[in-house]
Amino acid sequence: MDQLAKHNPYHAWVLAARPRTLPLACASILLGSGLAGHAQAFNPVVLVLALLTAMALQVLSNLANDYGDAASGADDEKRSGPARAVSSGMLTPTAMRGGMAVTATVAAVLGLLLLVAAFGNQWGQLLTFILLGAAALVAAVTYTVGLGGAPYGYRGFGDVSVFMFFGLLGVLGTYYLHTHQLNWLPFLPAATCGLLATAVLNVNNVRDIESDARCDKITLAVRLGREGAIRYHWALLGLALALTLVYLVALPVPLLGWSCLLVAKPLTDAAKTLRHTRDDKILTNMLKKTAVSTLLYSVLLSIGLVLF
């Protein structure tokens with residue numbers, strides 16, 4: 001893909017958009033919709049538009065990450081992981097800024113359509129979610145680009161952002177778009193989804209820990225050190241499992257819903273690999289395994305809830 005992208009602008013844009021990250025963006029939307037289905041308040045139009053909006057925001061974040069890392073020097077010839085479009089010369093910074101503007105516009109339009117489909121002319125709720133959507137747009141861009149200061153992703157706050165947007169806000173926001181109500185139980189799977197998404201980020205940050213530290217990209221993994229980041233990873237998985245068990249028992253969820261616990265095996269396998277290797281390619285595969293497991297968790301739990 002990288003060699004092909006050097007000679008084909010289309011493939012360069014695909015590389016920058018990083019489509020392999022899209023399943024993780026969809027996990028919170030699917031889980032929130034599954035929770036709404038269990039509450040007998042599922043709206044298929046909301047599901048489709050929420051998925052499209054989430055994917056547009058994820059692509060925007062990926063483009064901004066590509067641009068921001070190149071501008072700051074975080075992407076250099078010694079960087080771990082896949083090649084980036086701007087730093088490798090496949091796309092110019094000007095082209096990337098244009099792509100970010102187009103993607104942000106698409107995400108905003110999709111988000112507005114989503115809110116109209118969910119709330120109609122309920123202006124109070126529309127305004128609240130417009131503000132949340134604007135916050136999501138700003139967070140997607142400023143993770144590595146920053147506005148008037150250091151990008152928050154370079155100061156160890158990326159984990160908090162991922163937990164909020166891929167967990168609490170993503171799941172509960174989707175649930176509310178369907179149901180127009182909240183209760184305390186959905187907070188448990190929402191937090192679990194956020195913890196697993198944060199674990200995906202942590203695998204990425206452990207893989208890149210040396211190159212990030214060298215370029216003053218101070219992720220939480222850099223702050224904790226490799227051993228501390230690995231212990232943190234196990235804590236994320238352990239808390240996710242504990243919250244899931246509380247939810248499954250408290251609802252209670254039928255046996256089919258308990259199938260979401262099947263992801264514990266690939267998640268722990270990935271965590272063990274994190275400790276025992278520093279090979280970039282192996283860790284990249286473990287990152288993918290953790291992301292797919294997060295999506296699978298959401299799908300399996302959603303199916304169990306909908307069929308309950």
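Good morning, colleagues. Please note at the outset that the structure is a predicted model.

I begin with the chain as a whole. The C-alpha trace spans about 50 × 45 × 35 Å along its principal axes. For 308 residues, a compact globule would have a radius of gyration near 19 Å, and the value for this chain, 19 Å, agrees with that. Of the 308 residues, 52% are buried. If we take the contacts between residues at least 6 apart in sequence, 73% of them join residues at least 24 apart.

Let me turn to a pair of helices. Helix α10, residues 220–250, packs against helix α12, residues 280–306, at an angle of about 10°, and their axes are 13 Å apart. Because angles under 35 degrees count as roughly parallel, α10 is roughly parallel to α12. On the α10 side, the contact is made by Arg226, Thr244, Tyr247 and Leu248; on the α12 side, by Leu283, Tyr297, Leu301 and Leu305. By class, this contact has six nonpolar residues, one polar and one charged.

The next topic is the aromatic residues. A pair of aromatic rings is described by the distance of the centres and the angle of the planes. For Phe119 and Phe129, the ring centres are 5.1 Å apart and the planes stand at 50°, so this pair is tilted. Phe119 belongs to helix α5, residues 93–119, and Phe129 to helix α6, residues 123–142, so the pair ties together parts ten residues apart in sequence. Both Phe119 and Phe129 are buried; for Phe119, the relative accessibility is 3%.

For Phe119 and Tyr176, the centres are 6.2 Å apart with the planes at 50°, so this pair is tilted as well. Here the link is between distant parts of the chain, since Tyr176 lies in helix α7, residues 158–179, and is 57 residues from Phe119 in helix α5. Through these ring pairs, Phe119, Phe129 and Tyr176 form a cluster.

Leaving aside residues up to four places away in sequence, Asn205 touches Asp159, Asp212, Thr219 and Ala221.

Thank you for your attention.

Definitions and conventions. Residues numbered from 1 in each chain as written. Predicted model: local features only at pLDDT ≥ 70, side-chain atom pairs only at ≥ 80, totals over all residues. Heavy atoms only, no water. Axes fitted to C-alpha atoms, helices over the stretch in contact; angles between N-to-C directions. Helix = DSSP H or I, 4+ residues; strand = E, 2+ residues; numbered from the N terminus. Parallel < 35°, antiparallel > 145°, perpendicular 65-115°, else oblique. Contact = heavy atoms within 4.5 Å. Nonpolar A, V, L, I, M, F, W, Y, C, P; charged D, E, K, R; others polar. Phe/Tyr/Trp six-rings, centres within 6.5 Å; stacked < 30°, edge-to-face > 60°. Buried < 20%, exposed > 50% of the residue type's maximum accessible area, 1.4 Å probe, protein only. Rg over C-alpha atoms; globule rule 2.2 N^0.38 Å.
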